[in-house]
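Please keep the sequence and the model in view while reading.

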Number of protein chains: 2
Amino acid sequence: MTVPAKERTASSHRPKILITNDDSIDAKGLHALVTYVSAFGEIRVVAPDRARSGQSGAITTKTPLSVQEVRRSDEARFYTCNGTPVDCVKLALHIFRDFRPDLILSGINHGSNAGISILYSGTMGAVLEGCVVGIPSIGFSLLSYEPDADFLPCRPYIEALVAKVLAEGLPQGVCLNVNFPLSPQGMRVCRQAPGYWTDEYEGCPTAEGKTKYFLTGRFVNVEPEAVDTDEYFLAQGFASVVPCTCDQTAYKEMSRISALVEAIRLK
Amino acid sequence: MTVPAKERTASSHRPKILITNDDSIDAKGLHALVTYVSAFGEIRVVAPDRARSGQSGAITTKTPLSVQEVRRSDEARFYTCNGTPVDCVKLALHIFRDFRPDLILSGINHGSNAGISILYSGTMGAVLEGCVVGIPSIGFSLLSYEPDADFLPCRPYIEALVAKVLAEGLPQGVCLNVNFPLSPQGMRVCRQAPGYWTDEYEGCPTAEGKTKYFLTGRFVNVEPEAVDTDEYFLAQGFASVVPCTCDQTAYKEMSRISALVEAIRLK
């Protein structure tokens, strides 16, 4: 389904790049990304009008959505949307009939999307949506939640990766989850670290004698000894590149599950 | 990480089953599921206080959450939560220290979660969350969006599958996405059908001369000839069982992506 970008980019064709994020149109990381890749092609940004972190692959089904152009610069045209990151991608593809992207980028996220964070990440939700419709897509995240984080050390890696993917595309059904430590000293391809979040809520009593819960917690890496995961390479100071799929089938366990289901004899 | 349910269920132990959904605490499919499995153990329901379809793996990060017991019956204790399906699972595990589930069930969803719908599904978001924390988890969906749909034909399959998984557990890192046609005539293990949604929005002009977009569209199966996908078996009248993983690494393409990244020479 994924057509390598180069096949679609005839010599006279300037690549079209769609950029979104989940930290909102105002996030520093988004504008850094626009600046870093603007020389590669024609850029349109469709980003949430407010922070939509933790939105995963959520779509808006009950309320109407709108898209509004808010600014044009030499680098890009900027639009906001009142939906989720996935809504931003879906609407951009629906509305801009003259702008079929050669590449979809999401980020640069303020904060890690390594390990199982991909399950909750709005940044990666948008990337997986690009993957579903067969467009090469990459998510970028920096391991800092600071609104004023310094994204500049990521720049050479982003430029190199974007140039490469524009030239060669990505395999069918595969997108990339790229995470950066504060000062990357190289880039490594690796798998998603298995793990989970623990101690996840802080409870606060309310005046009515009830409890309100606020999300908190920390990531537990269940394979801390593994030397081939994104968490490992990030801890070693490398940028991590995890090839991701939107096919969630657990192929390795198909035969065990088949045996389990076949053993069921219904009356 | 997943401990087979039987190892945790000593002879005197009555299995604990946590049930959630994304159609809300009031949905018929949820109450059908409670009824069908109540004989298997102690049931607690923590479900969204309103419809949260399309919420995927979304988590609530900015607003406080609360959980409220709304009813007790002979079958179950019912709680509502103002969060997403994933929030419901996370909060249940956090709050109920005396109720570590042996099994997490989600549904029965009103509508299909076959094919790539798993990416957007709140029903399956909750199931994947159970998988992340190592608890055997199953999502059930019926191919009808009717609020008053007839779930009874699913009952024998649900009972048989729940009994089997309670007895044997599931492989580590694997959960199940089960979809039912209206009158299932058997159950088949299969892979997630690849595809995407098209013609996704209806645009309506507003009084201010702008456009509001409403989500709509239809699923396009990009491998309609395949005879091993959930979409295929559902069309043939079978219930589909897709083993799913929360590891989104595209292992099959690791070497191609490694070659792509290794070819990048940074100055």
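## Salt bridges across the model

A salt bridge is taken here as a side-chain nitrogen of Lys or Arg within 4 Å of a carboxyl oxygen of Asp or Glu. The model is predicted, and a search of the whole of it under this rule finds 26 salt bridges over all chains. Side chains of opposite charge can pair when their charged atoms come close.

In chain A, A:Arg77 forms a salt bridge with A:Glu69, with 3.2 Å between the closest N and O atoms. A:Arg77 is partly exposed, having a relative accessible area of 24%, and A:Glu69 likewise counts as partly exposed, at 30% relative accessibility. A second pair in chain A joins A:Arg256 to A:Glu253, where the closest N and O atoms are 3.6 Å apart. In this pair A:Arg256 is exposed, with a relative accessible area of 52%, whereas A:Glu253 counts as buried because its relative accessibility is 18%, and the cut-off for buried is under 20%.

## Helix 5 of chain B

Elsewhere, in chain A, salt bridges that share partners join A:Glu42, A:Arg44 and A:Asp98 into one network.

Helix 5 of chain B also holds B:Ala167, which is partly exposed with a relative accessible area of 40%. From B:Ala167 to B:Arg97 the separation is 70 residues in sequence and 23 Å in space, taken C-alpha to C-alpha.

## The interface of chain B and chain A

How many residues of chain B are in contact with chain A? There are 81 residues of chain B in contact with 81 residues of chain A, and the two chains bury about 7000 Å² between them, 68% of it on carbon and sulfur atoms. B:Tyr201, B:Tyr213 and B:Gln248 supply 11% of the area that chain B buries against chain A, which is more than any other three residues supply.

Between chain B and chain A the count is 2 salt bridges, and one of them links A:Lys90 with B:Glu200, the closest N and O atoms being 2.6 Å apart. Across this interface, 23 residue pairs are in polar contact, with both residues at pLDDT 80 or more. Helix 5 (residues 155-168) of chain B gives the most to the side of chain B that touches chain A, contributing 7 residues. The residues of that side divide into 49 nonpolar, 19 polar and 13 charged.

## Two enclosed helices of chain A

Helix 3 (residues 85-95) of chain A has 9 of its 11 residues buried, so it is largely enclosed by the rest of the structure. The buried residues include A:Lys90, whose salt bridge with B:Glu200 was described above, and A:Pro85, A:Asp87 and A:His94 are also among them.

Helix 2 (residues 28-37) of chain A is likewise largely enclosed by the rest of the structure, because 7 of its 10 residues are buried. Those residues are A:Gly29, A:Leu30, A:Ala32, A:Leu33, A:Val34, A:Tyr36 and A:Val37. The buried residues of helix 2 pack against several elements of chain A, including strand 1 (16-20), strand 2 (42-48), strand 6 (137-142) and helix 5 (155-168).

## Aromatic pairs

Over all chains the count comes to 16 aromatic pairs. A:Phe96 and A:Phe99 form an edge-to-face pair, 6.4 Å centre to centre with 85° between the planes. A:Phe96 counts as buried at 8% relative accessibility, and A:Phe99 counts as buried at 1%. Ring pairs also link A:Tyr79, A:Phe96 and A:Phe99 into a cluster.

In chain B, are the rings of B:Phe140 and B:Phe180 stacked or edge-to-face? Their centres lie 6.1 Å apart and their planes are at 20°, so the pair is stacked. B:Phe140 lies in strand 6 (residues 137-142) of chain B and B:Phe180 in strand 7 (residues 174-180), so the pair ties together parts that are 40 residues apart in sequence. At 0% relative accessibility B:Phe140 counts as buried, and B:Phe180, at 0%, counts as buried too.

Note on methods
Residues numbered from 1 in each chain as written. Chains lettered and ligands numbered in written order. Heavy atoms only, no water. Contact = heavy atoms within 4.5 Å. Buried area = accessible area lost by both parts, 1.4 Å probe. Polar contact = N/O pair within 3.5 Å; in protein donor to acceptor, adjacent residues only side chain to side chain. Helix = DSSP H or I, 4+ residues; strand = E, 2+ residues; numbered from the N terminus. Nonpolar A, V, L, I, M, F, W, Y, C, P; charged D, E, K, R; others polar. Buried < 20%, exposed > 50% of the residue type's maximum accessible area, 1.4 Å probe, protein only. Phe/Tyr/Trp six-rings, centres within 6.5 Å; stacked < 30°, edge-to-face > 60°.
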